[in-house]
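Thanks for coming. I have one structure to show today, and I will keep to what can be read from it.

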Amino acid sequence: YYLIAANRNHPASCFSLGLLHEMGKVSKTPDFEQAFHWFSKGASLEHPKSTFRLGYFYEFGNFVPKDMEMAKELYEKALQLREYRGAYRLGLMYGFG
């Protein structure tokens, strides 16, 4: 059902699919490529948690090259969308450089 809903642009379903792929609950091993795809789609639909997770991918270089500027932008956007963990990650980034 998540896949059907995500393909119909349901933001929370995109996030759920991303999380399931990231945790390896779909294919028994983590699939960061699929997780990145679904988090990206969720973020494009302004889903706060998808935007946050996408920032996390960029901050730590999961599947994508590490890009602190992109992570910062995504955390700021997540914060604007009321995902307050974005503020926490931004604080860590500013505090520890």
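Some ground rules come before that. This is a predicted model, in which local features need pLDDT of at least 70 and side-chain atom pairs count only at pLDDT 80 or more, while totals for chains, interfaces and linings use all residues. Residues are numbered from 1 along each chain as its sequence is written, and side-chain values use heavy atoms, with hydrogens and water left out.

When I say helix, I mean a DSSP run of H or I of at least four residues, numbered from the N terminus. An axis is a line fitted to C-alpha atoms over the stretch in contact, and angles run from 0 to 180 degrees between N-to-C directions.

Start with helix H4, residues 48-60, and helix H6, residues 85-96. Their axes come within 10 Å and cross at roughly 20°. That makes H4 roughly parallel to H6, a label used for angles under 35 degrees, with over 145 being roughly antiparallel, 65 to 115 roughly perpendicular and the rest oblique. H4 passes H6 in a left-handed crossing, meaning that the near helix is turned anticlockwise from the far one by less than a right angle.

Which residues of H4 meet H6? They are Lys49, Phe52, Tyr56, Glu59 and Phe60, and on the H6 side the partners are Arg85, Gly86, Arg89 and Met93; contact means heavy atoms within 4.5 Å. By class, this contact of H4 with H6 has 4 nonpolar, 1 polar and 4 charged residues. Here Ala, Val, Leu, Ile, Met, Phe, Trp, Tyr, Cys and Pro count as nonpolar, Asp, Glu, Lys and Arg as charged, and the others, Gly among them, as polar.

H6 also meets helix H5, residues 68-80, where the axes come within 8 Å and cross at roughly 145°. The crossing of H5 and H6 is left-handed. On the H5 side the contact includes Met68, Tyr75 and Leu79, and on the H6 side it includes Ala87, Leu90 and Tyr94. By class, the contact of H5 with H6 has 8 nonpolar, 1 polar and 3 charged residues.

Now the charged pairs. Side chains of opposite charge can pair when their charged atoms come close. How many salt bridges does the structure hold? There are 4, where a salt bridge is a side-chain nitrogen of Lys or Arg within 4 Å of a carboxyl oxygen of Asp or Glu. I will describe some of them.

Glu22 and Arg53 meet at 2.4 Å, N to O. Glu22 sits in helix H2, residues 11-22, and Arg53 in H4, 31 residues apart. Glu22 is buried at 12% relative accessible area, and Arg53 is buried at 14%; buried means under 20%, exposed over 50%, and partly exposed in between, with a 1.4 Å probe and protein chains only.

Arg89 and Glu59 form another salt bridge, at 2.8 Å, N to O. Arg89 lies in H6 and Glu59 in H4, so this pair ties together parts that are 30 residues apart in sequence. Both Arg89 and Glu59 are buried.

Arg85 pairs with Glu83 at 2.7 Å, N to O.

Last, the histidine. His21 lies in helix H2 and is buried, with a relative accessible area of 11%. Not counting residues up to four places away in sequence, the residues that His21 touches include Val26, Pro30 and Trp38.

Note on methods. Helix = DSSP H or I, 4+ residues; strand = E, 2+ residues; numbered from the N terminus.
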